[in-house]
Amino acid sequence: MSAITSIVWFRRDLRLSDHEALLAAAAEGPVLPLFILDPVTDAALSGAQRLRLKASLIVLAADLKAAGSRLILRRGEALATLLTLIAESGARAVRWTRLTDGPSIARDTRVKAALKAQGVTAESHGGLTLLDPWRLKTGAGAPYRVFTPFLRALTQETVAAPLPRVRLAAPEGGIASEDIERWRLDAPMGPAAPALADRFRPGEAAARDRLDEWLDGPAARYPEDRDRLDRPEAGTGLSDHLALGEISPRTIWAALDRAGGAAGPEAVRRQLVWRDFAHSLLFHDPEMERENWRREWAAFPWRGENDDAERWRRGETGVDVIDAAMRELWATGRMHNRARMLVASYLTKHLLTHWRIGAEWFRETLIDWDPANNAMGWQWVAGSGPDAAPFFRIFNPETQAGRFDPDGAYRDHWLTGAGAETFRAMSPKDWRKAAHDERPAPMIGLKAGRERALEAWARMREKTGAVSAEG
DNA sequence: GTTGACTTGCT
DNA sequence: GCAAGTCAA
C-alpha cells in the first residue's frame with residue numbers, strides 16, 4: 001500500500017495491455033484506476049451498449065483486482081468527479097486515452113485546462129486508433145477524403161507495436177467505489193437484457209481468445225465467407241471488444257501481421273484501416289455525427305421520423321432480408337456488416353428516410369456501437385459521406401440476398417425459425433402481435449423505390465446547381 | 001488541366 | 001459493360 005500518484009481515467013479503453021496512459025501512470029507510481037459515468041458518456045450510451053459496458057466493467061474490475069489493484073466507479077460530472085478523487089487520493093496526475101468524437105473532445109479539453117490550472121498534470125494518450133487521427137495528410141496538407149489514398153498512405157507508415165501489459169502496485173485503501181448494480185445500466189433493455197447478455201463474452205481475455213480462435217480457424221475461409229449472411233462465424237467477432245477498447249487495434253494489427261500476408265488476415269487489416277479512416281473523418285469534422293459530411297446534401301429531400309421508419313426498426317418492412325437483419329439486430333445487438341449496408345440503403349433510398357434516424361437506431365441497439373464507424377458508415381451508404389459515386393449504389397435487397405444468403409438460411413432463421421422465436425420473446429409488447437402475423441406487404445416496390453430515390457437525387461442536383469452538363 | 005482510380009452496384 | 005461523380009497526384 002502506498003500513496004497514489006496518478007489517476008487513470010478509463011473510457012473506451014477497458015484493458016490492461018497496450019494501454020499508454022496506464023503504462024505511463026504506473027511508471028510514475030501507484031495508480032488509481034477510475035471509470036466515471038459522466039453526462040457526456042451517459043448521453044452517448046444507449047440500450048444495448050449500456051448493458052455491454054456493464055459486463056465489461058465487471059470484468060475489468062476483476063482483472064484489476066487480480067493484478068493487485070482495484071477499479072473505482074463514480075457517477076457525476078467528469079471534472080468535479082476527478083477533483084473529488086484527487087482530493088481523496090492525493091493524486092498529482094490524471095491520464096487517459098484520447099477519443100475522437102466532438103462531445104468527448106470538448107469535455108476532455110475543458111477537463112485538461114481546469115486540471116492544469118489547479119497544478120495537476122493532465123495528459124492524454126494515443127491508442128484508440130492505429131495512428132493518431134491527424135497523422136495522415138494529403139500532399140496538399142488536407143485530411144484524406146477518399147479511402148484508397150488513405151490506405152496507401154497508412155501502408156507507408158509504421159504502426160507501433162503493442163505495449164506490454166501493465167504491472168500495478170496496490171493503491172492505498174479507503175477510496176470508495178459505487179456499486180455498478182445501482183447504475184442500472186441494463187434497465188433500458190428491459191426483459192431482453194438477460195438473453196442479450198448471454199450472447200457476448202466481455203473482457204480483455206475473451207477478446208484475445210476470440211482473436212486466436214479466428215486466426216486458427218475462420219481466417220482461412222474469410223475471403224470467401226466474409227460476405228455471407230448465413231455464415232456469421234466467418235467474421236472476427238471482435239467489434240464489440242474493439243468498441244469498448246477491451247483489445248487495441250494495434251494488438252489486432254500485430255497479430256494479423258504475424259499471419260505473414262495471408263489473404264484473410266490482410267482483408268481484416270483493411271477493415272481496421274477503415275476504422276482509422278472513420279476516426280480521422282470524425283476528428284476533422286466533429287459535426288458529422290449529425291450533419292451531412294457533404295454539406296450540400298442538406299438539399300436532399302429526406303423524410304424525418306415516419307411510420308415506414310418505425311416498420312423498418314421493428315423488422316416489418318415486408319422485405320425478407322431487411323426484416324431478418326433488423327430482427328437480428330434487436331435480438332443480438334449485432335448485425336452482419338453486409339446486412340448493415342442493406343438495411344441502411346433500404347432506409348435512406350427506398351424509404352427516403354434520413355440516415356440520422358437509422359444511425360440513431362444503431363446507436364440504441366448495437367453492442368459494438370462506435371461514434372466514428374456509425375457516422376461514416378451511414379453517410380457512406382446514404383451518399384452524403386466520403387467516397388464518390390453514391391448513386392451507383394442503391395442495393396437491391398433481393399439480388400443481394402440471393403447472392404449472400406443463397407439457401408435462405410439467414411432469412412428463415414429470423415423470419416420463421418429459432419431466431420424468430422427469440423425475437424418475439426425479446427420484443428416489447430407492442431411489437432409482438434405484428435411479429436406473429438403474416439409477412440406484411442412491402443411499403444414500396446424495389447424498382448419504384450430505386451427510381452424515386454434517383455429522382456430525389458436529381459432534384460437535389462438541380463437545386464444545388466451542381467449540374468454535370470455545365471461544361 | 002488531365003488522368004487514373006475507385007470495398008462492397010446496377011441492368 | 002457501364003458508371004448518373006469525385007478525389008488525389
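Author: An axis here is a line fitted to C-alpha atoms, for helices over the stretch in contact, and angles run from 0 to 180 degrees between N-to-C directions. In this predicted model, helix 16, which covers residues 355-365, packs against helix 17, residues 371-382, at an angle of about 145°, and their axes lie 10 Å apart. The crossing of helix 16 and helix 17 is right-handed. On the side of helix 16 the contact is made by Trp-355, Gly-358, Ala-359, Phe-362 and Arg-363, while helix 17 contributes Asn-374, Trp-378, Gln-379 and Ala-382. Sorted by class, the residues of this contact comprise 5 nonpolar, 3 polar and 1 charged.

Gln-271, by contrast, places a polar side-chain atom 3.5 Å from a base oxygen of DNA strand B. Helix 12 (263-284), helix 15 (337-350) and helix 18 (397-404) are the elements that give two or more residues to this surface, whose classes are 6 nonpolar, 5 polar and 6 charged. Of the atoms of DNA strand B within 4 Å of the protein, 57% belong to sugar or phosphate, and the rest to bases.

As for confidence, chain A averages a pLDDT of 93, with 97% of its residues scoring at least 70. Over residues 467-471, however, pLDDT stays under 50, and the model has 2 contacts beyond four places in sequence for that stretch. Where pLDDT is low, predicted coordinates should not be read in detail.

Note on methods
Residues numbered from 1 in each chain as written. Chains lettered and ligands numbered in written order. Predicted model: local features only at pLDDT ≥ 70, side-chain atom pairs only at ≥ 80, totals over all residues. Heavy atoms only, no water. Helix = DSSP H or I, 4+ residues; strand = E, 2+ residues; numbered from the N terminus. Left-handed = near helix turned anticlockwise from the far one by under 90°. Contact = heavy atoms within 4.5 Å. Nonpolar A, V, L, I, M, F, W, Y, C, P; charged D, E, K, R; others polar. Near = heavy atom within 4 Å. Polar contact = N/O pair within 3.5 Å; in protein donor to acceptor, adjacent residues only side chain to side chain. pLDDT = per-residue confidence, 0-100.
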